[in-house]
Structure formats: C-alpha cells, structure tokens
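Here's a quick briefing on charged side chains and who they pair with. Have a look at the model first, then come back for the notes.

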Amino acid sequence: MAHSKRKDYEADIKWWDITDREHYINRREFMRKAGTVAAGVGLATAAPGFVQNAFAQNGAFAGLPGSKYDTDEEQNTLKQASTYNNFWEFGAGKNDPARHAKDFVTAPWEISIGGLLANPVKIDVADVIKRYRDKLEQRIYRMRCVEAWSMVIPWVGFPLHELIKDYQPDSAAKYVRFETLWDPEQMRRAARSIQYPYVEGLRMDEAMNDLTLVTVGMYGDVLANPNGPPIKIVMPWKYGFKSIKSINKIEFVEDEPVNTWKKAQPREYGFYSNVNPERSHPRWSQATERRIGERGRRETLKFNGYGEWVASMYDGMDLINRYY
Ligand code: MTE
C-alpha cells in the first residue's frame with residue numbers, strides 16, 4: 001500500500017470505511033508511532049494511561065454533536081464505566097468482564113434483522129454504522145442499575161426508530177426482540193444462573209421513542225469490551241439490564257418477548273423494568289442509589305429523570321404490581 005500523500009486526509013478515515021477494523025487500528029497505531037498523525041486527531045478523548053482493549057482510545061467517534069437529552073451531571077470516567085460492569089457472559093463479578101472479555105472478538109460482526117418484515121437481512125455492524133453515520137450523536141445519559149447503583153456515561157449512537165423506519169416491520173409486529181451473541185468458546189466464564197443467549201425486548205412504541213439509542217460507542221470511541229461491543233441498545237429510563245449488549249439478532253415479533261431476567265426470576269424482574277423508586281425490589285429498596293465514585297446516596301428519580309419524554313407511554317398502567 002502506498003503511504004505517500006495519505007497523511008493529509010488520514011484523519012478523516014474511520015474504521016467503518018475500511019471494514020477491517022483490526023487493520024485500521026493497527027494502521028493508526030503505526031501512524032502514531034511514526035509521528036505522522038496530525039495533532040488533535042481524535043486523541044483528545046483518551047483517558048491518560050488507560051487502554052481497555054485493542055480497539056479503544058483511537059477516537060473513532062470524536063467530535064460528534066451532543067443531544068438535547070444530555071445531563072450536565074458529572075460524568076463517570078471511562079475506567080469506571082469499563083471496569084465495573086454486568087456482562088454475565090464473562091462472569092458475574094463486577095470486574096470479571098474487564099478481565100475476561102479482553103480478547104472478545106467483535107469484528108467482523110454480523111447482525112440479523114428479521115421476524116415480521118418483508119425483507120430480512122444480515123448486515124455487518126460496520127455497514128450499519130456507515131449507513132447511519134450522519135445520524136450519530138453523543139448522548140450523555142444516566143444509567144441506573146436495578147442493583148441500586150448508577151453512573152453517567154457519554155454514549156455514541158443513533159435512534160432505533162431510524163432503523164425501524166428503514167426496515168419497515170409489518171403492522172402485526174408489536175414488539176422488538178434482541179439477542180446477544182452466545183459463543184461458549186469465547187464465554188467460558190459465563191455465570192451459570194441465567195440462560196443464554198441473553199434476550200431483551202421492547203414494546204414498539206418504546207422502541208420508537210427517540211431516547212432509545214442503538215449504541216456503538218462511548219467516550220468518543222468504540223464500545224469497550226466490557227460494555228457490549230460492537231452494538232448494544234441503551235434505554236436510560238429503564239433499569240440497566242434492559243440495555244442488552246453485543247447484539248447479533250433483532251426481530252420484530254407479535255408477542256411480548258420473554259426477557260432473560262424475567263425468565264430467571266419472574267417475581268423480582270418484569271418486562272418493563274422502568275426505573276421506579278416507588279416499587280421496591282423484593283430484596284431491597286429502589287428509593288435511593290449509589291452513584292459510582294460518589295459518597296453517600298442519591299434519591300432515585302422516577303423513569304430515571306426522563307419522565308417528560310416517556311411517562312405518557314405508560315398512562316393507566318399499574319407499574320407497581322403488574323407492569324414492573
Ligand atoms: N447484556 C448482556 N448480554 N449480558 C448481561 O449480563 N447485563 C445488563 C446490561 N446488559 C447484561 C447485559 C446489566 S444488569 C446492566 S446494569 C448493564 O448491561 C450494564 O451496562 P454497562 O456495563 O455498559 O454499564
């Protein structure tokens with residue numbers, strides 16, 4: 001490959017233009033070592049001294065526009081967000097994903113989009129990103145885990161309704177069902193108490209809500225391995241377990257999907273799982289939460305503070321006893 005004259009526009013080439021992400025990262029690394037990457041190119045977001053995986057810290061999504069939903073609360077650090085995780089395919093301990101997902105292979109990554117729609121497809125995530133690159137934004141969301149801890153994380157993604165509009169599910173489709181890759185070879189440390197593949201779902205109006213983000217990055221970069229690369233869904237008004245990681249299947253379906261945690265413990269976890277300080281978990285209160293990195297506890301907000309955009313979807317529903 002000819003190297004001459006490339007450096008002028010090297011900065012504008014992103015990994016999804018090249019498809020072979022590994023090649024791209026190696027090339028960036030080479031260019032950086034050779035001192036040829038122009039100053040200020042995407043490196044500004046790197047947390048000093050912390051490299052989570054081979055794909056991190058290359059500024060793949062630096063400089064994107066923000067959103068009207070951004071919180072101005074203090075953000076957690078990338079290190080916090082990628083070393084304190086639930087990703088049970090890599091173990092149940094909070095630090096397990098950081099330790100055991102180091103070599104998780106996330107490119108190439110095919111995702112199937114099917115179920116009740118005329119033209120089911122299989123598409124690589126690099127092509128998904130290419131297709132929606134003009135819709136990508138940074139969204140600084142609160143994330144509230146059902147275990148009563150929380151973080152603030154700047155995600156990168158595009159609204160799921162963009163994809164739904166393009167793939168045009170039938171009117172019979174009432175829900176969207178998501179699945180995580182299940183690869184026992186790569187996930188030898190998976191916790192045994194839940195079944196795999198991990199499954200989640202949304203009602204169609206929830207899926208169409210502008211807050212529902214197809215997420216492909218964080219902190220201006222690709223998703224760190226413990227956070228579910230290369231593609232996940234984030235719904236900030238729901239408990240974190242709804243935000244399913246490393247998705248390889250999206251299906252439009254008629255019936256309410258049976259999500260993993262509801263299946264595992266139906267008395268404790270439901271389908272909707274909206275953040276709700278008024279409904280205690282059977283084993284703990286949800287009235288307060290511990291923000292990772294802070295002392296003391298915060299009051300938990302209904303719908304995690306996103307009620308103005310989502311509350312009306314649940315008008316008339318009993319969110320405490322029935323639709324929890
Ligand atoms: N997705 C899969 N496939 N497997 C998991 O174990 N854990 C969920 C959710 N998505 C989980 C998952 C839970 S309980 C939480 S709190 C969030 O991921 C954590 O997301 P984060 O690590 O990106 O903050």
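What follows is a short tour of the salt bridges and of one lysine in a loop.

This is a predicted model, where local features need pLDDT of at least 70, side-chain atom pairs count only at pLDDT 80 or more, and totals for chains, interfaces and linings use all residues. Residues are numbered from 1 along each chain as its sequence is written, and side-chain values use heavy atoms, with hydrogens and water left out.

**Salt bridges overall**
- Side chains of opposite charge can pair when their charged atoms come close.
- A search of the whole structure turns up 22 salt bridges (a side-chain nitrogen of Lys or Arg within 4 Å of a carboxyl oxygen of Asp or Glu).

**Pairs involving strand S3**
- Strands here are DSSP runs of E with at least two residues, helices are runs of H or I with at least four, and both are numbered from the N terminus.
- Glu289 pairs with Arg144 in a salt bridge, with the closest N and O atoms 3.0 Å apart.
- Glu289 sits in strand S11 (residues 288-291) and Arg144 in strand S3 (residues 137-144), so this pair ties together parts that are 145 residues apart in sequence.
- Glu289 is buried at 2% relative accessibility, and Arg144 is buried at 0% (buried means under 20% relative accessible area, exposed over 50%, partly exposed in between, with a 1.4 Å probe and protein chains only).
- Glu137 forms a salt bridge with Arg139, and their closest N and O atoms are 2.7 Å apart.
- Arg139 is buried too, at 0% relative accessibility.

- Lys165 and Glu162 meet in a salt bridge at 3.9 Å, N to O.
- Both lie in helix H7 (residues 160-167), 3 residues apart, or about one turn of the helix.
- Lys165 is partly exposed at 47% relative accessible area, whereas Glu162 is buried at 16%.
- Elsewhere, salt bridges with shared partners join Glu73, Arg142, Arg144, Glu289, Arg291, Glu294 and Arg298 into one network.

**Lys238, a lysine in a loop**
- Lys238 is in the loop between strand S9 (232-234) and strand S10 (247-253).
- Is Lys238 buried or exposed? Lys238 is buried, with a relative accessible area of 1%.
- Its side chain makes a polar contact with the side chain of Glu206 at 2.7 Å (a pair of N or O atoms within 3.5 Å; within protein, one must be able to donate a hydrogen and the other to accept it, and residues adjacent in sequence count only if both atoms are side-chain atoms).
- Leaving out residues up to four places away in sequence, Lys238 touches residues including Arg144, Glu206, Tyr272 and Tyr314 (contact means heavy atoms within 4.5 Å).
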